[in-house]
Amino acid sequence: MPYWEIFAPENAFTPEDREKLSEAITSIYVSLVDVPKFYVVVLFKDMPDNSMYVGGKANDNFVRIRVDHIARNGGTAEERAGFMSIIEAKLAPFVKDRGHDWEIHIDETPLDLWRTQGLIPPPAFSDMEKLWAKENRPVPYELSAS
């Protein structure tokens with residue numbers, strides 16, 4: 001599951017911006033990483049003036065993005081660099097092109113520390129994961145049926 005938290009100044013993103021940015025983020029994972037759409041969660045956190053500090057100074061133009069990866073981890077240094085370039089390109093119309101300062105980082109969580117709807121997600125690229133993608137929701141299954 002990619003889980004994104006986007007900390008941004010209040011009113012940095014309209015509801016339409018949030019939907020378009022969430023769709024852009026989801027498209028990265030569905031097309032490049034091949035995960036079910038519902039794995040992708042984006043949470044917007046509006047930050048009031050004087051609540052984001054960078055280098056000890058208030059920065060009311062700063063967007064901070066924290067990402068957790070669980071469903072897919074790893075890759076070579078080159079693959080990671082390419083992935084970060086894709087992310088930066090998807091963010092650009094909403095952040096860079098609007099003149100915001102920004103920072104992003106990705107943490108990777110071990111698969112055994114993840115459950116969705118109380119279920120252990122099926123193995124990557126398995127028939128069961130494909131069913132989850134088709135249904136766009138977790139479907140109960142026996143572990144041996146993965």
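## A charge over a ring

Let's start with a single side-chain meeting: Arg72 sits over the face of Phe125, 4.3 Å from the centre of the ring. Please keep in mind as you look around that this is a predicted model.

## The overall layout

Stepping back, the protein contains three helices and six strands. Read from the N terminus, their order is β-α-β-β-β-β-α-β-α. The C-alpha trace spans about 55 × 30 × 25 Å along its principal axes.

Of the 146 residues in the protein, 39% are buried. Among contacts with a separation of 6 or more, 69% are between residues 24 or more positions apart.

The structure has seven aromatic pairs. A pair of this kind is described by how far apart the ring centres are and by the angle of the planes. One of the pairs joins Phe38 and Trp132: the ring centres are 5.9 Å apart and the planes meet at 40°, so this pair is tilted. It also links distant parts of the chain, as Phe38 belongs to the loop between helix H1 (15-33) and strand E2 (41-47), while Trp132 belongs to helix H3 (residues 127-135), 94 residues apart.

Is Trp132 buried or exposed? With a relative accessibility of 0%, Trp132 counts as buried, and Tyr39 is buried too.

## Two helices side by side

Two packed helices are described by the distance between their axes and the angle between those axes. For H1 and helix H2 (residues 77-91), the axes come within 10 Å and cross at roughly 155°. Angles over 145 degrees count as roughly antiparallel, and H1 and H2 are therefore roughly antiparallel to each other. The crossing of H1 past H2 is right-handed.

Which residues meet where these helices pack? From H1 come Leu21, Ala24, Ser27, Ile28, Tyr29, Leu32 and Val33. Facing them from H2 are Phe83, Ile86, Ile87, Lys90 and Leu91.

Thr26 is another residue of H1. Its relative accessible area is 17%, so Thr26 is buried. Setting aside neighbours within four places in sequence, Thr26 makes contact with Lys37 and Val40.

## Two asparagines with positive phi

Most residues other than glycine have a negative phi. Asn50, which is not a glycine, has a positive phi of about 60°. You will find Asn50 in the loop between E2 and strand E3 (53-54). Its relative accessibility is 48%, so Asn50 counts as partly exposed.

Asn136 also has a positive phi, near 55°, and is located in the segment after H3. At 39% relative accessibility, Asn136 counts as partly exposed. Although Asn136 and Phe38 are 98 residues apart along the chain, their C-alpha atoms are separated by 5.7 Å. Leaving out neighbours within four places in sequence, Asn136 is in contact with Lys37 and Phe38.

Our last stop is Glu10, in the loop between strand E1 (2-9) and H1. Its relative accessible area is 45%, so Glu10 is partly exposed.

Which residues does Glu10 touch, not counting those up to four places away in sequence? They are Asp46, Met47, Pro48 and Asp49. Glu10 and Lys45 are 35 residues apart in sequence, with a C-alpha to C-alpha distance of 8.4 Å.

Conventions:
Residues numbered from 1 in each chain as written. Predicted model: local features only at pLDDT ≥ 70, side-chain atom pairs only at ≥ 80, totals over all residues. Heavy atoms only, no water. Phe/Tyr/Trp six-rings, centres within 6.5 Å; stacked < 30°, edge-to-face > 60°. Helix = DSSP H or I, 4+ residues; strand = E, 2+ residues; numbered from the N terminus. Buried < 20%, exposed > 50% of the residue type's maximum accessible area, 1.4 Å probe, protein only. Lys NZ or Arg CZ within 6 Å of the ring centre and 35° of its normal. Axes fitted to C-alpha atoms, helices over the stretch in contact; angles between N-to-C directions. Parallel < 35°, antiparallel > 145°, perpendicular 65-115°, else oblique. Left-handed = near helix turned anticlockwise from the far one by under 90°. Contact = heavy atoms within 4.5 Å.
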